[in-house]
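Trainee: Could you walk me through this model, starting with how you name its parts?

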Amino acid sequence: MKAVWQPINAIIAAMSAGLMAVIVGFSSSVALIYQSVISLGGDANLVASWFLALGVSMGSLSMLLSWHYRAPILIAWSTPGAALLIANVQGFTLNQAIAGFIVSAVLLCFFPLLVPLDRLFKWLPSQLASAMLAGILLSFGFSVFEQINLQPNLIFAMLISYLLAKRFAPQWTLLIVTLVSIILAWQLQLIENKTIEWQWSEWQFIQPDFSWSVVIAISLPLFIVTTAAQNLPGIAMLHSFGYRPPIKPILSISGLINIIAAPFGGYALNLAAISASLCMVEEVNQDPKKRYWASFWAGIFYIVLGLFAAYIMACFALLPSSLILALAGIALFGTITHSLQQSINSEHKYINEAATFTLLITASPISLWGLSSVIWGLLGGMLVLLINKIK
């Protein structure tokens with residue numbers, strides 16, 4: 001009897017871990033991706049196309065890479081990248097944004113083959129990348145508390161549920177906050193009363209519109225943020241659990257699929273870190289060599305999520321804007337905290353000062369000569385580094 005239940009339990013454990021990884025990844029980013037599409041003039045149907053492109057590409061890659069390397073390799077979308085898009089696409093069309101995704105994907109594909117990732121941070125310290133990310137995300141943190149003026153009962157309940165869930169059920173924090181906010185919004189009659197018909201997600205191809213301003217304002221920041229805040233932590237997570245698959249081909253293949261998915265809304269693909277860790281723990285399987293099944297199942301669930309995205313997004317569109325904005329900000333509290341900590345952790349004071357310059361400039365509304373505050377933040381930080389290195 002034990003011989004019968006052992007493989008069944010292994011399958012259930014792998015499926016549960018994979019499903020949890022997808023739920024955590026989806027709940028932490030759904031509001032951000034939704035808001036980024038709306039910021040570009042899209043609607044719920046276009047959001048569904050983005051999730052379809054992301055779900056199919058992430059799911060397929062996770063399944064293929066995990067199976068091939070026999071390691072729990074989970075591919076995800078870039079959560080900080082989605083936040084960057086909301087803050088950085090003002091003045092650009094949807095077609096221009098798609099062009100920015102394609103160029104960023106090309107960089108993600110070929111950069112690991114040409115330049116080792118550790119060399120990138122010899123001339124661009126990780127503290128500056130963390131400071132840039134923190135500067136981008138601060139506005140999302142502020143927006144949570146700005147919404148209190150509009151919906152105090154709803155936002156206070158979301159914040160209390162976040163703090164309690166973070167304390168007692170950290171893995172389910174964002175899912176709990178999402179459920180609490182939706183139930184309370186329904187009780188307060190803030191959700192639009194509209195019948196939703198069942199629908200499948202559909203592919204929507206968007207013609208890219210390339211320009212140098214797009215490369216500078218969208219592609220480069222998206223590439224840097226995805227590399228520094230997603231791929232590097234993803235690599236570190238794999239190594240911390242004893243997995244050492246070849247990183248160069250994994251990142252390059254992900255970038256290649258990203259190029260194909262970009263015209264349909266696949267804005268950035270990268271190694272998962274936090275959600276991937278759920279597929280690597282002992283609870284999945286006592287044998288580390290068999291834990292790849294968790295990320296394999298996660299890939300299947302991502303594909304299912306993409307196929308059902310049209311119906312999910314149609315329901316999501318009924319929610320009040322205050323809830324969506326607050327949910328996006330709350331989802332980034334942990335990332336903001338981590339970015340702030342990492343931005344000033346150098347033993348060299350001038351690097352910490354350069355990071356401070358980068359954070360302040362990035363968070364400011366500065367916009368000169370067609371360059372966003374993100375680019376000026378990096379330039380300002382690098383100028384501080386350059387001056388301090390003069391002998």
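Mentor: Helices (H or I, at least four residues) and strands (E, at least two) are DSSP runs, numbered from the N terminus. This is a predicted model, in which local features need pLDDT of at least 70 and side-chain atom pairs count only at pLDDT 80 or more, while totals for chains, interfaces and linings use all residues. Residues are numbered from 1 along each chain as its sequence is written, and side-chain values use heavy atoms, with hydrogens and water left out.

Trainee: OK, where is the place of Leu74?

Mentor: Leu74 sits in the loop between H2 and strand S1 (75-77).

Trainee: And is Leu74 buried or exposed there?

Mentor: Leu74 is buried, because its relative accessible area is 2%, and buried means under 20% relative accessible area, with exposed over 50% and partly exposed in between (1.4 Å probe, protein chains only).

Trainee: What does Leu74 touch, not counting residues up to four places away in sequence?

Mentor: With contact meaning heavy atoms within 4.5 Å, and leaving out residues up to four places away in sequence, Leu74 touches a list of residues that includes Ala21, Ser62, Asn270, Leu271, Ser295 and Tyr302. Leu74 and Trp297 are 10 Å apart in space, C-alpha to C-alpha, although 223 residues separate them in sequence.

Trainee: Switching to aromatics, how many aromatic pairs does the count come to?

Mentor: The count comes to 17 aromatic pairs, under a rule by which rings of Phe, Tyr and Trp (its six-membered ring) pair if their centres lie within 6.5 Å, planes under 30 degrees apart counting as stacked, over 60 as edge-to-face and the rest as tilted. One of them joins Trp67 and Trp293, which is edge-to-face because the planes stand at 70 degrees, with the ring centres 5.7 Å apart. That pair links distant parts of the chain, since Trp67 belongs to helix H2 (residues 44-69) and Trp293 to helix H12 (residues 292-316), 226 residues apart.

Trainee: Which pair does Trp67 form with Phe296, stacked or tilted?

Mentor: Trp67 and Phe296 form a tilted pair, 6.3 Å centre to centre and with 55 degrees between the planes. Because Trp67 lies in helix H2 and Phe296 in helix H12, this pair ties together parts that are 229 residues apart in sequence. Ring pairs link Trp67, Tyr292, Trp293 and Phe296 into a cluster.

Trainee: How accessible are Trp67, Trp293 and Phe296?

Mentor: Trp67 is partly exposed at 41% relative accessible area, and Trp293 is partly exposed at 33%, whereas Phe296 counts as buried at 18%.

Trainee: What lies over the face of Trp67?

Mentor: Arg70 does, at 4.2 Å from the ring centre, where a charge sits over a ring if NZ of Lys or CZ of Arg is within 6 Å of the ring centre and within 35 degrees of the ring normal. Arg167 likewise lies over the face of Phe168, at 5.0 Å from the ring centre.

Trainee: Next topic: how many disulfides does a search of the whole structure find?

Mentor: The search finds zero disulfides, a disulfide being a pair of cysteine sulfur atoms within 2.5 Å. Cys109 counts as buried at 6% relative accessibility, and Cys279 is buried at 0%.

Trainee: Last one, where does H9 bend?

Mentor: H9 bends by about 35 degrees at Thr227, the bend at a residue being the angle between axes fitted to the seven residues ending there and the seven starting there. Just after H9, Gly242 takes a positive phi of about 85 degrees.
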